[in-house]
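Here is a short report on one strand and its surroundings. Look at the structure, then read on.

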Amino acid sequence: MQKVRAADLIAANLVVDFTVPATPLEGYLGGRRGLFHLLDQYRDAGVGWISLTAGLDHYPSIDFTVRQIAALRAMLADGKDRYMLAASSTEVSQAGREGRLAVSLAFQGTAMLMGDLAMVEAYRTLGVTVMLLAYNDRNPAADGCMEPENAGLSKFGRRLVEAMNKARVLVDLTHTGERSALEAAEASAAPVVYSHSNPSALLPHPRNISDAQIVSCAATGGVIGINGVGMFLTEGGDEVTAELLFRQVDHIADKAGIRHVGLGLDYVDTSISDILHRIVETSGDRYDSNYQRPAFAFASPQIIVELVECMLVAGYSHDDIGLVLGGNFSRVYTDVVG
């Protein structure tokens, strides 16, 4: 009976995963066929909208990034019977009415701006509506979360936040250093998000975020999407359960309120350790031991129904569950992007 209720809630709500971390490596996880296989897992799980990674700080070339976006747009056009590129809340709604998966494009980092603020608007025109300030390492805008100095925003970073606000691009503080993230939240005139971050109060990994970051994000009207990667949930990194995900939801809701929690599972349908190994090989020594794990688990979109069951058992209302499933990210995206 409980599973039916959970499935009904998923069917009745727009379900959003705000981080699908597909990578440019090896032809985007096998090219068109691999991408479609990945996207269909979300459709099968009842997800109606995903935010898909279209660029990474580790590949900062404008030429490479534009080609990557062009390839993604072409692939989605080839699958237009099932998927729809969505760069506004209106297009997300249209995709839902037509039974298609809405796909927004996001950057994990801003190095691909190459120091040119005019590129924010240029990438926005190509469909990129979310940009993460820094990915683990320092870039021209901010420190990443793996930088020991924990420096704040650069002067360029402050101008970048302003430019993103002006271009109606959502400021994402995931992977960004704590001080930089707190300063960006304070500097932003629009809500900010952590698209895929877990509380460090539950696991003190440098990729997880402090309660101060959670509260500062909520103060802007923003949302924190819980991450389903094992090494950000447990010490061993080899376990992901709906109960572990529920602990993240419950903690953020307790600290910031239910209107500031969402889903950003950070899932790929291949071995994450293999992907990270290839990134390490191309990135020199930019990753430390916190990322060099032999194997770890991750949550697929199929875990969402079990997470809903946990929330039901814990006494969360149907309305509150709808907010976590997608209502919160939908609200912020509408407010910021349009």
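## A first pair

This model is predicted. Start with Tyr83, which stands opposite Leu101 in strand S4. Tyr83 belongs to strand S3, residues 83-85, and S3 is joined to S4 by 3 bridges. The two strands run parallel.

How does the chain get from S3 to S4? It passes through helix H4, residues 89-97. This β-α-β crossover is right-handed.

## Other partners of S4

Strand S2 covers residues 49-56 and also runs parallel to S4. Here 7 bridges join the strands. One of the pairs is Gly55 with Phe107 of S4.

Strand S5, residues 128-132, pairs with S4 as well. The sense is again parallel, over 3 bridges. Between S4 and S5 the chain goes through helix H5, residues 118-125. That β-α-β crossover is right-handed too.

## Buried on both faces

Which residues of S4 lie on each side? Leu101, Val103, Leu105 and Phe107 are on one side. Ala102, Ser104, Ala106 and Gln108 are on the other. Both faces are covered, with all of these residues buried.

Methods:
Residues are numbered from 1 along each chain as its sequence is written. This is a predicted model: local features need pLDDT of at least 70, side-chain atom pairs count only at pLDDT 80 or more; totals for chains, interfaces and linings use all residues. Side-chain values use heavy atoms; hydrogens and water are left out. Buried means under 20% relative accessible area, exposed over 50%, partly exposed in between (1.4 Å probe, protein chains only). Helices (H or I, at least four residues) and strands (E, at least two) are DSSP runs, numbered from the N terminus. Two strands pair if DSSP finds at least two bridges between them. A crossover is right-handed if, with the strands pointing away from the viewer, the path from the first strand over the helix to the second runs clockwise.
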